[in-house]
Amino acid sequence: GVEVGLGPTRVASWAPAIVRQRRPASVRRRRSSRSSTLPGILTRRRVRNLVPAAMESAQKGGPLGPAEEPVLTPTGAGPEPVNLKEFEAYAKNNMPRNAWDYYASGALDMITLRENRAAWGRLRFRPRILRDVTHVDASTTVLGKKVSMPICIAPTAMQQMAHPEGERANVLAAKNKGCLMTLSSWSTLSMEEVAEVAPDHPRWFQLYVYKDREVTMDLIRRAERAGYLAFAVTVDTPLLGRREADVRNRFSLPSHLTMGNFANKGGDHSSGTKDAGAEGSGLASYCASLIDRSLTWEDLRWLRANTSLKIVVKGVATAEDAAIAVREGVDAIWISNHGARQLDTTPATCEMIPEVVAAVGGRCEVYVDGGITRGADALKAVALGCTAVFVGRPVLWGLAHSGQAGVEKVLDLLKAEFEMAMMLCGCVTVDDIKREMVTHATKFYSRL
């Protein structure tokens, strides 16, 4: 769960009401020698006592879900976050609710949202020892372009809600850290404005296919002229999943912002996100009005016939669709459940990797996003057969914290954690990461 401040330390947000209960003085004196010396940190025994109450709190709407272990991670209260959870906590405490809920929430009961994160923790390393790891190189290639690490930036919409510099700060951070960035169709700055900031840096463009094919063709031609290298075609959004936080807030894009790629289009393209409308969410109304629900594999062939750029299919969730995508000649497959914002109770994305990788059989690159909060998660994905991972929300939390500098700090943390995991697993290059280095926790469970 997201963590909130409590004195000089922090604990999970479902715990504070219980933490504040004070024991009788005589009990406190008897237990003082066994208690933590850090104020606000729970002892193991008290954590065990908290679990039933925490689960009851979760059922009433708290962030803890059945898929998430009740682990309390002590975090610092200082101004400089030391992990991605602290960036997330800062964003939650400082962003407008309309924006935070839009970025942070998932579909319906948000079971898949919790699973996306928890499932990475159920994968276990099998590290190799006695290997020289004096020098480590985390760099790799993604569709032929060298990047500093197999951790790339996923497309996220309307980034100026997080920080005034929005996508501009994001692409500059990506450039400075040698990281591939994917720009959303629904960015608050136009694709040309973003390209002007980092004209020589590798960038992809995430593409929605509109009912009006002329609008889609306009996006394609503009992206080609602006130097984008590939289209990440989102295929899991014939309509927007029901995100109840947005309905509750009647989400709309703030009046001073616009959808940068459609600023001159007029109609629903420029005003559709400003009014929650019948869908209860401005973006849901926009999507229902303009995005093509009839999208099929034939439309992917249409795209291939109309561009020379690489095509990445974003939103693959099964071996069956991965096999079709390979037969259709796509350049890469991106495993995604749209940040758990579409169909709830789909598997966690990391659980989809083995079947998709097996179906692809090395015929194209495979990527994954969803729930990645540690650099070690990226190593697990590479071991399972992915070329790279993509992170979306963590970059937004860095952006909300301190703009470009915050995004760079997030990328630095992820890279440092990835390199550390490499060395502790006995790897000095990405090619050294092998399938047998990761297994599922159930392999170690006792069976009676």
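Contact here means heavy atoms within 4.5 Å. The model is predicted. Asp101 sits in helix H5, which covers residues 97–104. Leaving aside residues up to four places away in sequence, Asp101 touches Ala245, Asp246 and Asn249.

Asp101 has a relative accessible area of 12%. Because buried means under 20% relative accessible area, Asp101 counts as buried.

## Overall make-up

The protein contains 17 helices and 14 strands. It has 448 residues, of which 54% count as buried. Its accessible surface comes to about 19700 Å², and 52% of that surface belongs to carbon and sulfur atoms.

Among contacts between residues at least 6 apart in sequence, 72% join residues at least 24 apart.

Thr188 is found in the loop between strand E7 (181–183) and helix H8 (191–197).

Apart from residues up to four places away in sequence, Thr188 touches Met158, Gln159, Gln160, Glu167, Leu253, Leu257, Thr258 and Gly260.

## Salt bridges

Side chains of opposite charge can pair when their charged atoms come close. The count for this protein comes to 15 salt bridges.

Glu192 and Arg222 form one of them, with their closest N and O atoms 2.8 Å apart. This pair links distant parts of the chain: Glu192 is in helix H8 and Arg222 is in helix H9 (residues 213–225), 30 residues apart. Glu192 is partly exposed, with a relative accessible area of 27%, whereas Arg222 counts as buried at 12% relative accessibility.

## Further pairs and a network

A salt bridge also joins the side chains of Glu165 and Arg168, at 3.6 Å from N to O. Glu165 counts as partly exposed at 35% relative accessibility. Arg168 counts as partly exposed at 25%.

In helix H9, Glu224 and Arg221 lie three residues apart, about one turn of the helix. Their side chains meet in a salt bridge of 3.0 Å, N to O. Glu224 has 25% relative accessibility and counts as partly exposed; Arg221, at 31%, counts as partly exposed.

## A positive surface patch

Which residues gather in a patch of positive charge on the surface? They are Arg126, Arg128, Arg131 and Lys443.

Arg128 belongs to the loop between strand E3 (123–125) and strand E4 (140–142). Arg128 counts as partly exposed because its relative accessibility is 44%. Patches are made of residues with over 30% relative accessible area and no salt bridge, and the 44% of Arg128 is therefore over that cut-off.

Methods:
Residues are numbered from 1 along each chain as its sequence is written. This is a predicted model: local features need pLDDT of at least 70, side-chain atom pairs count only at pLDDT 80 or more; totals for chains, interfaces and linings use all residues. Side-chain values use heavy atoms; hydrogens and water are left out. Patches are made of residues with over 30% relative accessible area and no salt bridge: like charges are joined within 9 Å, nonpolar side chains (Val, Leu, Ile, Met, Phe, Trp, Tyr) within 5 Å. Accessible areas come from the Shrake-Rupley method with a 1.4 Å probe; for residues, only the protein chains shown count as cover. A salt bridge is a side-chain nitrogen of Lys or Arg within 4 Å of a carboxyl oxygen of Asp or Glu. Lys and Arg count as positive and Asp and Glu as negative; His and the chain ends are not counted. The place of a charge is taken as NZ of Lys, CZ of Arg, CG of Asp or CD of Glu. Helices (H or I, at least four residues) and strands (E, at least two) are DSSP runs, numbered from the N terminus. Buried means under 20% relative accessible area, exposed over 50%, partly exposed in between (1.4 Å probe, protein chains only).
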